Amino acid sequence: MPTYVSSPVTPLPHIGPYALPNRAILAPMAGVTDRPFRQLCRELGAGLVVSEMVTADARLWHTRKSRQRLDHAGEPGPRDVQIAGGDPEMLAEAARLNVAQGAEIVDINMGCPAKKVCNKAAGSALLRDERLVAAILEAVVAAVDVPVTLKIRTGWCAASRNGIRVAQLAEAAGIQALAVHGRTREQRYSGDAEYDTIAAIKQAVSLPVFANGDIDSAEKAARILDYTKADAVMIGRGAQGNPWIFREIEHYLRTGDVLARPTPAEIATVMQRHLEALHAFYGEHMGVRIARKHVGWYLATRPQAAALRARFNVLEQPSAQHRFVDALAHDAPALASNGSNAA
């Protein structure tokens with residue numbers, strides 16, 4: 001695939017009235033794209049960030065998890081909230097309630113492969129019923145005055161790869177942008193993403209299309225944009241422990257040059273800020289625990305990553321986690337000394 005470099009005459013994508021500043025979007029990921037991570041990715045160059053999926057069943061919004069997922073306090077716009085469910089009326093009401101709480105874009109989840117979601121006839125399970133897909137899209141679009149977008153997979157399985165038909169239903173219903181993960185639900189996250197279906201979908205509709213799946217570098221983002229002619233890339237797992245990927249993509253698409261990776265000092269600074277935001281958002285008890293998975297991702301490419309994760313995961317105090325990252329930045333040999341877990 002040839003290298004893609006944005007042309008000054010190539011317009012950046014719009015979602016309704018919102019012009020995106022670049023072509024790198026943070027994908028919604030349950031348990032990952034909370035407010036601290038969204039804010040961090042936005043600061044590091046993401047042109048749009050999408051919330052964790054929120055259940056369409058408003059009766060469950062009283063739970064701690066839902067309250068936190070619905071918290072967008074202090075976030076700049078456009079605030080993009082993803083909803084998940086299988087009932088058109090319930091999804092329409094969820095869209096209205098989210099808009100009332102500040103959502104400026106509503107995204108419908110038809111891409112999640114998780115068994116607990118698909119077993120409730122939601123997420124990518126919806127792709128098996130195109131009439132229900134159409135009913136949901138029409139109901140949600142009619143319910144709100146903000147742009148509605150959709151995230152899908154290429155189909156339920158290889159034998160029923162109906163992404164093109166679903167994309168056409170989306171365009172007919174008034175969906176403003178479509179993100180496509182290049183796998184079927186049956187694949188979950190196994191094997192390699194394929195981009196032929198995304199390219200075919202882009203040819204079949206006129207709405208903005210965002211390519212998603214296995215995009216883990218600026219160079220690959222450029223190749224996928226060139227191959228599919230998509231309007232933007234949507235980054236999920238490639239951003240875990242690597243929020244710098246957004247500025248790297250933006251720089252490469254704009255200039256054709258590879259941006260230097262962050263220095264150890266910058267990595268440590270970002271990790272410290274991320275820890276501080278997690279502790280403040282979730283409280284010390286939950287913040288310390290949620291920080292473990294994020295720091296595990298930051299550590300993934302380091303030598304002895306497993307040992308470092310094991311040391312970090314026994315820390316129980318925010319101050320101990322901060323000291324660990326400080327020691328890491330200075331290559332301190334004793335990251336788990338007897339006093340490292342003190343308050």
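Is W244 buried or exposed in this structure? W244 is buried, with a relative accessible area of 2%; buried means under 20% relative accessible area, exposed over 50%, and partly exposed in between, for a 1.4 Å probe and protein chains only.

Before going further, a word on the basis of this talk. This is a predicted model, in which local features need pLDDT of at least 70 and side-chain atom pairs count only at pLDDT 80 or more, while totals for chains, interfaces and linings use all residues. Residues are numbered from 1 along each chain as its sequence is written, and side-chain values use heavy atoms, with hydrogens and water left out.

I begin with the aromatic rings. Searching the whole structure gives three aromatic pairs. Rings of Phe, Tyr and Trp (its six-membered ring) pair if their centres lie within 6.5 Å; planes under 30 degrees apart count as stacked, over 60 as edge-to-face and the rest as tilted. W244 lies in the loop between β10 (232–235) and α9 (245–255), and Y298 in helix α11 (residues 284–299), so the pair ties together parts that are 54 residues apart in sequence. Helices (H or I, at least four residues) and strands (E, at least two) are DSSP runs, numbered from the N terminus. Y298 is buried as well, at 9% relative accessible area.

F281 and Y282 also form an edge-to-face pair, with 4.9 Å from centre to centre and 85 degrees between the planes. F281 is buried at 14% relative accessibility, and Y282 is buried with a relative accessible area of 14%.

Charges meet rings too. The charged end of R128 sits over the ring of W156, 3.9 Å from its centre, and R153 lies over the face of Y189, at 4.9 Å from the ring centre. The criterion is that NZ of Lys or CZ of Arg is within 6 Å of the ring centre and within 35 degrees of the ring normal.

I turn now to the backbone. Most residues other than glycine have a negative phi, and most peptide bonds are trans. Here, the peptide bond from G77 to P78 is cis, with omega near -5 degrees, and P78 is found in the loop between α2 (64–69) and β5 (80–84). D214, which is not a glycine, has a positive phi of about 65 degrees. D214 lies in the loop between β9 (209–212) and α8 (218–228) and is partly exposed, with a relative accessible area of 23%. K229 likewise has a positive phi, near 65 degrees; K229 lies in the loop between α8 and β10 and is partly exposed at 47%.

Q82 lies in strand β5 and is buried, with a relative accessible area of 2%.
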